[in-house]
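Trainee: I have a model open and would like to learn how to read it. Can we go through it feature by feature?

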Amino acid sequence: MTSHQTTQTMKPATAAKKLGVYLEATPAEFQEGVVSRTELNALQADPPQWLQDLRRTGPHPRPVVAAKLGISIAGLARGGVTEALTTEQIDALKQDNPEWLQKERATQAEVRKEAVRIKEKNKEKSAQQADEPRGSRS
């Protein structure tokens with residue numbers, strides 16, 4: 001009995017998300033076809049010029065925009081940014097540093113600090129549980 005392995009494929013939107021690019025800015029042949037896992041791996045390992053250009057100059061999808069600005073995707077929405085932005089637009093936003101961006105960066109910093117605090121607390125709790133003798137209930 002031979003095993004027949006089917007090629008795993010994905011929609012262009014999924015592939016674009018995995019590549020970190022804005023689907024609408026990709027070439028038509030990418031948007032209209034399906035992408036196999038092998039093709040995706042090849043695009044990641046040796047990106048063609050169009051992919052290099054998109055990653056460098058955009059337009060970038062919201063998760064990439066948020067990461068480049070150091071804020072959350074929800075923070076982007078609160079700031080009124082709903083469209084994909086180019087690297088140039090992101091740099092201009094950083095330069096202008098509007099009040100909403102300052103607030104969102106501060107919020108994101110607090111979220112990160114809280115995540116570290118919780119992680120440390122959980123680590124301490126795990127260490128204490130590991131130190132407790134088993135079966136010594138009164």
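## Reading the model

Mentor: Start with the largest pocket. Its lining is made of Ala13, Ala16, Lys17, Gly20, Val21, Tyr22, Leu23, Glu24, Pro61, Pro63 and Val64. Keep in mind that this is a predicted model.

Trainee: What volume does the largest pocket have?

Mentor: About 210 Å³.

Trainee: Which helices each supply at least two residues of that lining?

Mentor: Helix H1, residues 12-19, and helix H5, residues 62-69. H1 gives the most, with 3 residues.

Trainee: How do the lining residues divide into nonpolar, polar and charged?

Mentor: The lining has 8 nonpolar residues, 1 polar and 2 charged.

Trainee: Now the nonpolar core. Which residues make up the largest one?

Mentor: Look for buried nonpolar residues joined through side-chain atoms within 4.5 Å. Here the largest core has 11 residues: Met10, Ala15, Ala16, Leu19, Val21, Phe30, Val35, Leu40, Leu43, Leu51 and Leu54. H1, helix H3 (37-45) and H4 are the elements that give two or more residues to this core. H1 has the largest share of the core, 3 residues. Ala16 and Val21 are in the core, and Ala16 and Val21 also line the largest pocket.

Trainee: How is a pair of aromatic rings described?

Mentor: By two values, the distance of the centres and the angle of the planes. The count in this model is 1 aromatic pair. Phe30 and Trp50 have ring centres 5.4 Å apart and planes at 55 degrees, so the pair is tilted.

Trainee: Why is 55 degrees called tilted?

Mentor: Planes under 30 degrees apart count as stacked, and those over 60 as edge-to-face. The angle between Phe30 and Trp50 is 55 degrees, so the pair falls in the remaining class, tilted.

Trainee: Where do Phe30 and Trp50 lie?

Mentor: Phe30 is in helix H2, residues 28-32, and Trp50 is in helix H4, residues 49-57. The pair therefore ties together parts that are 20 residues apart in sequence.

Trainee: Is Phe30 buried or exposed?

Mentor: The cut-off for buried is under 20% relative accessible area. Phe30 has 8%, so Phe30 counts as buried. Trp50, at 25%, is partly exposed.

Trainee: On to charges. How many salt bridges does the structure hold?

Mentor: There are 6. Check the distance, then the positions in the chain, then the accessibility. Take Arg78 and Glu104 as a case, with the closest N and O atoms 2.9 Å apart. Arg78 is exposed, at 55% relative accessibility. Glu104 is buried, at 9%.

Trainee: What is the arrangement of Glu99 and Lys103 in helix H8?

Mentor: Glu99 and Lys103 are 4 residues apart there, about one turn of the helix. The closest N and O atoms of this salt bridge are 3.9 Å apart. The cut-off is 4 Å, so the pair counts. Glu99 is exposed, at 56% relative accessibility. Lys103 is exposed, at 53%.

Trainee: How far apart are the closest N and O atoms of Lys113 and Glu110?

Mentor: They are 3.5 Å apart, in another salt bridge. Lys113 and Glu110 are 3 residues apart in helix H8, about one helical turn. Lys113 is exposed, at 53%. Glu110 is partly exposed, at 46%.

Trainee: What should I expect of the backbone, for phi and for peptide bonds?

Mentor: Most residues other than glycine have a negative phi, and most peptide bonds are trans. Now look for departures. The peptide bond from Gly58 to Pro59 is cis, with omega near 10 degrees. Pro59 sits in the loop between H4 and H5.

Trainee: Which residue has a positive phi although it is not a glycine?

Mentor: Asn97, with a phi of about 45 degrees. Asn97 is in the loop between helix H7 (87-96) and H8. At 28% relative accessibility, Asn97 is partly exposed.

How values were computed:
Residues are numbered from 1 along each chain as its sequence is written. This is a predicted model: local features need pLDDT of at least 70, side-chain atom pairs count only at pLDDT 80 or more; totals for chains, interfaces and linings use all residues. Side-chain values use heavy atoms; hydrogens and water are left out. On a 1 Å grid over the protein atoms alone, a cavity is a set of points where a 1.4 Å probe fits but cannot get out, and a pocket is an open set with protein on both sides within 12 Å along at least five of seven lines; lining residues have an atom within 4 Å of a point. Grid points are joined across faces, edges and corners, and a volume is the space filled by probe spheres set on the points. Ala, Val, Leu, Ile, Met, Phe, Trp, Tyr, Cys and Pro count as nonpolar, Asp, Glu, Lys and Arg as charged, and the others, Gly among them, as polar. Rings of Phe, Tyr and Trp (its six-membered ring) pair if their centres lie within 6.5 Å; planes under 30 degrees apart count as stacked, over 60 as edge-to-face and the rest as tilted. Buried means under 20% relative accessible area, exposed over 50%, partly exposed in between (1.4 Å probe, protein chains only). A salt bridge is a side-chain nitrogen of Lys or Arg within 4 Å of a carboxyl oxygen of Asp or Glu.
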